[in-house]
Amino acid sequence: MPWYSAAAQGRARVGRYFLAREFASPDGADRLYLDPRLPELLDDLCEALGSRLIVLSGYRTPAYNRRLTGVPAGPHTQGRAVDLAAEGRAPADIARALAALCRSRGAPLRVSSAEGWCCHLELPPGRTSGARQLNMRK
């Protein structure tokens, strides 16, 4: 899995619309992991929505993930998940656009929704395209 130094490469462009630092762990860790499929999918989602996406949570260190969720491992710790928002768009709008994008690519997708403030996107391990789970989180 590719990694970046938030300090040295934080301004490096990943995809067309994102910088590496947007995916950095909130606990200030320098190293961040990022599945290279994620920025590509997010770029396509930006274009489908016609909106800039805001990464609320990308990579998380195991220690930070444990504080947040109670478990040290998960897709965020592997650079395969992101929590998103888009200005002027509800999480359900993001979810619908992503579901349509994944269907058009023939990618497997599960959708669950709840009243929430962001859209959670999780890529499956080792696949070349698509999303395994799409979930609006509180």
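Reader: Where is Trp-117 found?
Author: Trp-117 is in the loop that links strand S7 (110–112) to strand S8 (118–122), where strands are DSSP runs of E with at least two residues, helices are runs of H or I with at least four, and both are numbered from the N terminus. This is a predicted model, in which local features need pLDDT of at least 70, side-chain atom pairs count only at pLDDT 80 or more, and totals for chains, interfaces and linings use all residues. Residues are numbered from 1 along each chain as its sequence is written, and side-chain values use heavy atoms, with hydrogens and water left out.

Reader: Changing topic, is His-76 buried or exposed?
Author: His-76 is buried, because its relative accessible area is 4%, and buried means under 20%, exposed over 50% and partly exposed in between, with a 1.4 Å probe and protein chains only.

Reader: And where is His-76 found?
Author: His-76 sits in the loop between helix H3 (62–69) and strand S6 (81–86).

Reader: What about Arg-16, which residue lies 27 residues apart from it along the chain with C-alpha atoms separated by 6.2 Å?
Author: That is Asp-43; Arg-16 itself belongs to the loop between strand S2 (13–14) and strand S3 (18–19), and at 42% relative accessibility Arg-16 counts as partly exposed.

Reader: Last one, which residues of H4 are buried?
Author: They are Pro-91, Ile-94, Ala-95, Ala-97, Leu-98, Ala-99, Leu-101 and Cys-102. After H4 comes Gly-106, with a positive phi near 70 degrees.
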